[in-house]
Amino acid sequence: VSIPTAAKVTSSADRVAFDEFYSVHVHRIYRALAVTLGNDDLAREAVDEAMTRAYAHWRRVRGLDNPAGWVFRVGFNWATSWWRKVRREQGVLTEARHPRTAATDPAGLAAREALARLPLSQRAVIVCRVLLDLSTAETADTLGISEGTVKSRLSRGLSALRNVLEEGSER
Amino acid sequence: MNVVPDELAEVVHRAAAGTAEYPVDLSGIERRWRRRRRRRVVACAAGVAVLAAASLAAIPVINARPGPDRPPVVAADPAPQRLMVGGGTWSPMNKDVTDGNVLDRRGATEILPDGTVVQWPLPNLDVSYQVIGLPDDRLAVLDFATTSRGRTTPPPLTLRVVSSTGAVQAVVPVGTGDTKLVAATPETAYLWRSEGIVAYTLATGARRVLVPADKLGVKPLSGPAADADLLGDRVVVTVVSGTACKLRVIDLRGGHVADHPVTRRACDGTGLLRISPDGGLAAVTYKPSTGAQRVAVIDLTTGAPRVDALIENPGGDDRAGPAGLAWQGSTRLRVALLVSPPDLDRTYYREDLVRQQLVEVG
């Protein structure tokens, strides 16, 4: 991700705009990252990191077509690169990176389990389309992939998700 | 197409609703930024030092790759086969082509399992090509230069690996002569050439004849439309002899060769061939002497026919018919169909005339 080169929030108007952006979007981006990454703590860190970068470059970020998509992308890239590093170092301990949520809704927990069985790349596309409500073109731009790849990953991801859910219902 | 069905969107929303609460802390964002700004100077200096040290200590590592000494293996959990439209026939890569009132746009066409048609970009080369979709979204492309001006020898062929954005990631020259791209993995492409089935390592260009031509008994592009496929310990080729259409199954371990009839009917010829992901079945399209094209599924161990289905051909002119095969698991076959333009006074893009037919294999 190339970070726009501009000043951080400086004026009170900028601050108000950033506050509004933060309060409107932070929960949605966090949930999107939590589902994508399968790890609430990592998602929280990723959102904090991405929002900090948005704050630092707010004048440029607010001028983008889709600032929330940019924050998601920054958080996603930060988490996956950080995650790769941790996985290299922790080896077989990587399963511990999936702390279970405190969800009281068994169906919600089952849904997260099902999504967690998909490859990360497919999960990211599904989340962008469903939770962030992005179009194919916006998803491609957010994830830095082609529209064809978005369609392909969405199709395969949904097919895999359906299979996982069917397996679960047969048990 | 390519929309998210409501029941699956509901699953995703339900998963999101189950996440732990996010602790909103706007002032924490600013504190984090201030800490970062203080560290920046130190971090930059440290980074320069680390880079300098790393550059001194860096040792280039080259991973030796094994040679292409075997066909694609049967995976326990194989990736779904990709259904490319017309991938086994030569198509021009660098320009739109009009065939009557049907326009072929530049790019490779794929039908996704849900029926969505995707057009993949290809490099702007003056070549004709065959294509196979790799499991990782890339394409294996075999091409030859279309331009023949001043050429007195056959055009050389080239294998390329093309990314989903159309970027060429590997180039392997493969010489001249009748050639068909029959299978590919991310590491190896398998070509049917006059010397037999030849495996090319895409990273290095190393080649090895897997099955010599005398074992195959037929030459590439011979007969009405010969095709081949290979997986695990088996190579399968289509053989047409008189009015009999057969599959020739070659066991690479013991060298055993078995011919299985595609159909008991009188047969004009075969078309496409694809082995199922578990290596146990092969689907083959064929044209009976009477009637429309059909697709047969044959058990490669016993030769028993498992399916013999009519291929849908709405419109039914010469430009319509089967254009690709792909297995979805080992119990469902996807057949790419080119259908006839419904209105002869209108121009259609080829991708608008692409359909898929599903064939269940019990």
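What does the accessible surface of chain B come to, and what share of it belongs to carbon and sulfur atoms? Please then go on to the side of chain B that touches chain A.

Analyst: Please keep in mind that this is a predicted model. The accessible surface of chain B comes to about 17,400 Å², and carbon and sulfur atoms account for 54% of that area. Chain B has 362 residues, of which 47% count as buried, and its secondary structure consists of three helices and 26 strands. Among the contacts in chain B that join residues at least 6 apart in sequence, 49% are between residues at least 24 apart.

Turning to the partner chain, 42 residues of chain B are in contact with 48 residues of chain A. The size of an interface is often given as the accessible area lost when the parts come together. Between chain B and chain A the buried area is about 4,000 Å², with 63% of it coming from carbon and sulfur atoms.

There are also four salt bridges between the two chains, including one that links Glu110(B) to Arg156(A), where the closest N and O atoms are 3.4 Å apart. Polar contacts between chain B and chain A, counted with both residues at pLDDT 80 or more, come to eight residue pairs. On the side of chain B that touches chain A, at least two residues each are supplied by α1 (6-17), α2 (26-57) and β6 (117-120), and α1(B) gives the most, with 10 residues. Sorted by class, this side of chain B has 22 nonpolar, eight polar and 12 charged residues.

Definitions and conventions:
Residues numbered from 1 in each chain as written. Chains lettered and ligands numbered in written order. Predicted model: local features only at pLDDT ≥ 70, side-chain atom pairs only at ≥ 80, totals over all residues. Heavy atoms only, no water. Helix = DSSP H or I, 4+ residues; strand = E, 2+ residues; numbered from the N terminus. Buried < 20%, exposed > 50% of the residue type's maximum accessible area, 1.4 Å probe, protein only. Contact = heavy atoms within 4.5 Å. Areas by Shrake-Rupley, 256 points an atom, 1.4 Å probe, with all protein chains shown as cover. Buried area = accessible area lost by both parts, 1.4 Å probe. Salt bridge = Lys/Arg side-chain N within 4 Å of Asp/Glu carboxyl O. Polar contact = N/O pair within 3.5 Å; in protein donor to acceptor, adjacent residues only side chain to side chain. Nonpolar A, V, L, I, M, F, W, Y, C, P; charged D, E, K, R; others polar.
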